[in-house]
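Q: Got a minute to go through the aromatics and the core in this one with me?
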Amino acid sequence: MTHLESLMWHFNTPKNMGTKTFHKHLDGSRTFTDTRTVKEAHEENLSRIRELITAKITEAGYDEIWQRNAALGVIDAEQVEDGRAFIANLRTAYHDYKARLLASTRDEADAVQFVAPPVPEGI
């Protein structure tokens, strides 16, 4: 296969890591080439989910400023409890995901689903 025969999407870019590459061929067929190790596949997925969790916390309004204000007692106790419960639920979901991911093979790693808890009402 020549360079012109495929469009390549690289999911990992550091030179010392394996890659997962998507190839779109001129005949319309598509294939993936995965040269990552199991550890690299797991680290890539864990990193992606950590970024997702951080975004979910921020989107829910529980960013670092909120957390600092909650620790200082500026926010009322009911709101603090809702925020702590949401963040605790995200941590539990992350640990569940991590356990399932680390039990997977390289080929199964990308298929492990992260199930995020719902955002509390009234935020």
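Q: Is W66 buried or exposed?
A: Buried: in this predicted model, W66 has a relative accessible area of 13%, and the cut-off for buried is under 20%.

Q: And Y62, what's its relative accessibility?
A: Y62 comes out at 5%, so that residue counts as buried too.

Q: How many aromatic pairs are there?
A: The structure holds three. In one of them, the ring centres of Y62 and W66 are 4.6 Å apart and the planes sit at 65°. Planes over 60 degrees apart count as edge-to-face, which is why that pair gets the label.

Q: Which residues do ring pairs link into a cluster?
A: Y62, W66 and F86.

Q: What about Y97, which ring does it pair with?
A: With F114, edge-to-face, at 5.8 Å centre to centre and 85° between the planes. Y97 is in helix 3 (residues 77–102), while F114 is in the segment after helix 4 (106–109), so this pair ties together parts 17 residues apart in sequence. Both Y97 and F114 are buried.

Q: Switching to the core: which residues have the most contacts inside the largest nonpolar one?
A: I53, Y62, Y97 and F114, in a core of 21 residues.

Q: Which helices each supply at least two residues of it?
A: Helix 1 (38–59), helix 2 (64–72) and helix 3 do.

Q: And which helix gives the most?
A: Helix 3, with eight residues.

Notes
Residues are numbered from 1 along each chain as its sequence is written. This is a predicted model: local features need pLDDT of at least 70, side-chain atom pairs count only at pLDDT 80 or more; totals for chains, interfaces and linings use all residues. Side-chain values use heavy atoms; hydrogens and water are left out. Rings of Phe, Tyr and Trp (its six-membered ring) pair if their centres lie within 6.5 Å; planes under 30 degrees apart count as stacked, over 60 as edge-to-face and the rest as tilted. Buried means under 20% relative accessible area, exposed over 50%, partly exposed in between (1.4 Å probe, protein chains only). Helices (H or I, at least four residues) and strands (E, at least two) are DSSP runs, numbered from the N terminus. A nonpolar core is a set of buried Ala, Val, Leu, Ile, Met, Phe, Trp, Tyr and Cys residues joined through side-chain atoms within 4.5 Å.
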